[in-house]
Amino acid sequence: MSFAIIAVFTIAGAIAALTLRNLVHCVLALVLTFSGLAGLYLQLGAQFVGFAQILIYVGAVAILIVFAILLTRTHEPLAGLAVSPGWITSVLVAAAVFGILAWAIRSSAMSILPISPHPEISVRQIGDALMSQFVLPLEVIGLLLTAALVGAVTIAMREERREK
Amino acid sequence: MTAPVNYLLVSAVIFAIGLAGALVRRNAILVLIGIELMLNAANLNFIAFWRYSPNPEALTGVMFALFSIGVAAAEAAVGLALIITVYRHFHTTDLDRIDSMRG
């Protein structure tokens, strides 16, 4: 039952995030989707990923998108439609992708999988694994994030420097 | 108790919505939001497969989802920085009006 409620909120948020005209409303709907996904992670027993989702997506990415929207706000309203001319084709492509995915899921072995009991995973186990088995990917992702942040600042700063 | 198929179907719906949004909308920021939705749908799949895998103690699904969240955060930061730079140059985020390479 709780799964159905969370799923409905998540999907409704996703639809609203991409159909509303006001960009700030879109981000608020996106936050609803991210929170719903965090709820689904918690339901699946992945507490750490659920809280990481709230921290990173609801906390950081949504705020970043709001900043970008406010920094790029045009005074003139968007001329004409908010969608591209060939939008019917795009929607048909997306519907076809969903149809193929749904068909593949329905006919896969997942649909006859027995429901297993919840795996008991503590944050301590995740931390141990991150510091032993997955230490190299952890370092690489740290390097990637540093490079991405330096790159993002460099890209966004370039114009300012040239003006001096 | 929810069957694993339901999580996969929700994930497929979110992926399709994100794809439609990324293809349909003309605003660059909304295209980025569509891409974020697709990444999140993939993460939901990772967690669902981990939860119903024969040995979840291996933690591989959780780790993959965590690293994927990290990569998505880096992608969002760089993507938004690019959008802000493009906006400074063209004074619009309308993708149909950003049509020249040298401005």
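Student: How many residues does the contact take from chain B and from chain A?
Tutor: This is a predicted model, in which local features need pLDDT of at least 70, side-chain atom pairs count only at pLDDT 80 or more, and totals for chains, interfaces and linings use all residues. Residues are numbered from 1 along each chain as its sequence is written, with chains lettered from A and ligands numbered from 1 in the order in which they are written. Two residues are in contact if their C-beta atoms, placed from the backbone, lie within 7 Å. The contact takes 65 residues from chain B and 70 residues from chain A.

Student: Which helix gives the largest share of the side of chain B that touches chain A?
Tutor: Helices are DSSP runs of H or I with at least four residues, numbered from the N terminus. H1 (4-24), H2 (28-51) and H3 (60-90) of chain B each supply at least two residues of that side. The largest share, 21 residues, comes from H3(B).

Student: How are H1(B) and H2(B) oriented?
Tutor: Their axes, lines fitted to C-alpha atoms over the stretch in contact, with angles from 0 to 180 degrees between N-to-C directions, come within 7 Å and cross at roughly 165°. Angles over 145 degrees count as roughly antiparallel. Therefore H1(B) and H2(B) are roughly antiparallel.

Student: Where do the C-alpha centres of domain 1 and domain 2 of chain A lie, in Å apart?
Tutor: Chain A is divided into domain 1 (1-74) and domain 2 (122-164), with bounds from an automatic or database domain assignment. Their C-alpha centres are separated by 22 Å.

Notes. Angles under 35 degrees count as roughly parallel, over 145 as roughly antiparallel, 65 to 115 as roughly perpendicular and the rest as oblique.
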